[in-house]
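Good morning, and thank you for coming. Please look at the sequence and the structure on the screen while I go through the main points.

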Amino acid sequence: MAHVVLKDLVKTYGTFNAVNHVSLTVNDGEFVALVGPSGCGKTTTLNLVAGLIPITSGEIAIGDRVVNDLDPKDRDIAMVFQNYALYPQKSVYKNLAFPLQMRKLPREEIDRKVREAAQVLDMTHLLERKPRELSGGQQQRVALGRALVRDPAVFLMDEPLSNLDAKLRVQMRSEIKRFHQDLKATIIYVTHDQLEAVTMADRMAVMNGGFLQQYDSPAQVFAHPVNMFVASFIGSPAMSLVPLEASKADGQTVLTSAEGWALPLSDRNARKVEAATSRKVVLGARHSTIRLHKSPVPGAVPAKAYTVEPTGDVTFVQAFVAAAIVNISVPPTVPVAPDEPIWLEFDQERIHLFDGETEMALN
Ligand code: ATP
């Protein structure tokens with residue numbers, strides 16, 4: 001396996017930068033997810049690493065080699081695509097063997113590698129079948145196997161699970177994670193699904209508008225999003241963001257709403273707010289850190305329930321607070337009705353504060 005280093009990578013189409021000065025290192029044996037909304041540049045970044053499209057500027061190294069000018073076949077990578085790209089007329093065995101035959105390996109070696117890969121991916125019993133005789137999950141496993149037999153330095157995966165139904169996707173998610181753990185493979189994995197990235201990756205590179213926003217472990221990105229984009233993209237339901245104004249009342253820093261309520265801040269949060277570039281501050285809170293009250297309590301702010309969604313274990317409530325929508329989760333035993341007045345208590349230890357001008361986290 002090998003590490004991958006992207007240095008100041010840029011890809012321009014006309015005047016549009018699809019990839020904007022992206023720099024990051026994927027360690028040897030690391031599973032990195034490139035994640036972000038549609039059009040953020042994640043597939044373009046992967047295709048640059050693969051050599052499928054030429055870079056505009058910057059540098060890509062795989063292992064100790066700069067690969068900028070190398071053909072895809074010389075980069076020691078294997079790609080797994082969303083559409084599997086299997087040969088429909090060939091058996092699973094022949095699909096796996098084909099890349100090795102192209103490399104003119106001896107027949108015994110090809111047979112050994114194919115059978116080893118089939119064993120790793122638990123598909124020895126499928127070797128004689130044609131792709132059309134396989135389920136979506138099995139076809140995806142063959143696509144993984146075809147990458148595996150090549151024994152590449154790096155696996156590049158582009159939304160490999162997006163053609164599977166929800167249940168199978170969850171199962172294959174675990175299988176790919178297991179595949180990574182067993183092989184200690186270096187994997188760069190593109191997905192628009194933040195949950196896939198959070199559950200599978202050692203580190204995630206969150207992208208937006210061609211820019212790398214944050215590159216860190218899922219736990220760190222979840223707990224300390226660097227800006228409002230990352231805060232709202234990672235986590236489900238999304239982190240709620242409430243635009244407010246900072247001011248002082250009787251020496252105490254408070255966040256005020258246009259409706260006239262004021263939320264006193266703890267000393268620690270007050271210090272963060274004082275570092276903001278303006279008085280505009282955005283309060284961020286995840287659903288599980290907000291307490292819902294059915295009557296006024298000191299420190300809780302007034303809100304109005306909007307939608308109520310029971311899911312069995314937990315009920316998700318959306319409520320209007322200071323003209324923003326806030327997500328809250330409550331036990332199914334708490335009765336809440338749409339349009340009901342409610343009061344929300346934010347956990348001061350767990351709220352996030354953002355500069356309303358720059359949208360950056362206040363730390
Ligand atoms: P998706 O999840 O929808 O595939 P993505 O994050 O992978 O999105 P990219 O495919 O990398 O996004 O595209 C990034 C941006 O570059 C998009 O705005 C896209 O329209 C643009 N783009 C991609 N390929 C080309 C091209 N060949 N010519 C012009 N613009 C392109």
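Aspartate 165 sits in the loop between strand 7 and helix 5 (166–183). Helices (H or I, at least four residues) and strands (E, at least two) are DSSP runs, numbered from the N terminus. Between the C-alpha atoms of aspartate 165 and isoleucine 77, which are 88 residues apart along the chain, there are 28 Å.

A word on the source. This is a predicted model, in which local features need pLDDT of at least 70 and side-chain atom pairs count only at pLDDT 80 or more, while totals for chains, interfaces and linings use all residues. Residues are numbered from 1 along each chain as its sequence is written.

Now the overall layout. The protein chain has nine helices and 20 strands, and 39% of its 363 residues count as buried. Its C-alpha trace spans about 80 × 45 × 35 Å along the principal axes. The chain is divided into domain 1 (4–227) and domain 2 (240–355), with bounds that come from an automatic or database domain assignment. Taken over C-alpha atoms, the centres of domain 1 and domain 2 are 40 Å apart. An unreviewed UniProt entry annotates residues 4–234 as "domain: ABC transporter"; such annotations may be inferred rather than shown by experiment, and their positions are given in the numbering used here, with feature names shortened. That span is 36% helix and 26% strand.

Six strands form an open sheet in the order 6-7-8-3-9-10, with mixed pairing; two strands pair if DSSP finds at least two bridges between them. Strand 6 (77–80) and strand 10 (211–216) are at the edges with a single partner strand each, so one side of each has no neighbour in the sheet. From one strand to the next, the twist averages 20°. Strand 3 (residues 31–35) pairs with strand 8 (residues 187–191) in the parallel sense over five bridges, and leucine 34 has valine 190 in strand 8 as its bridge partner. Helix 4 (residues 136–148) lies across strand 6 and strand 7 (154–158), at about 175° to strand 6. Here axes are lines fitted to C-alpha atoms, for helices over the stretch in contact, and angles run from 0 to 180 degrees between N-to-C directions.

How many of the nine residues of helix 1 (residues 42–50) are buried? Seven are, so helix 1 is largely enclosed by the rest of the structure. Among them are Lys42, Thr44 and Asn47. Just after helix 1, glycine 51 takes a positive phi of about 85°.

Finally, the core. A nonpolar core is a set of buried Ala, Val, Leu, Ile, Met, Phe, Trp, Tyr and Cys residues joined through C-beta atoms within 7 Å. In the largest one, of 101 residues, Ile188, Tyr189 and Leu344 touch the most other members. This core draws at least three residues from each of domain 1 and domain 2. Leaving aside residues up to four places away in sequence, leucine 344 touches residues including Ile290, Val301 and Ile328, where contact requires C-beta atoms, placed from the backbone, within 7 Å.

Definitions and conventions: A residue is buried if 20 or more other C-beta atoms lie within 10 Å of its own, exposed if 12 or fewer, and partly exposed in between; C-beta atoms are placed from the backbone. Two residues are in contact if their C-beta atoms, placed from the backbone, lie within 7 Å.
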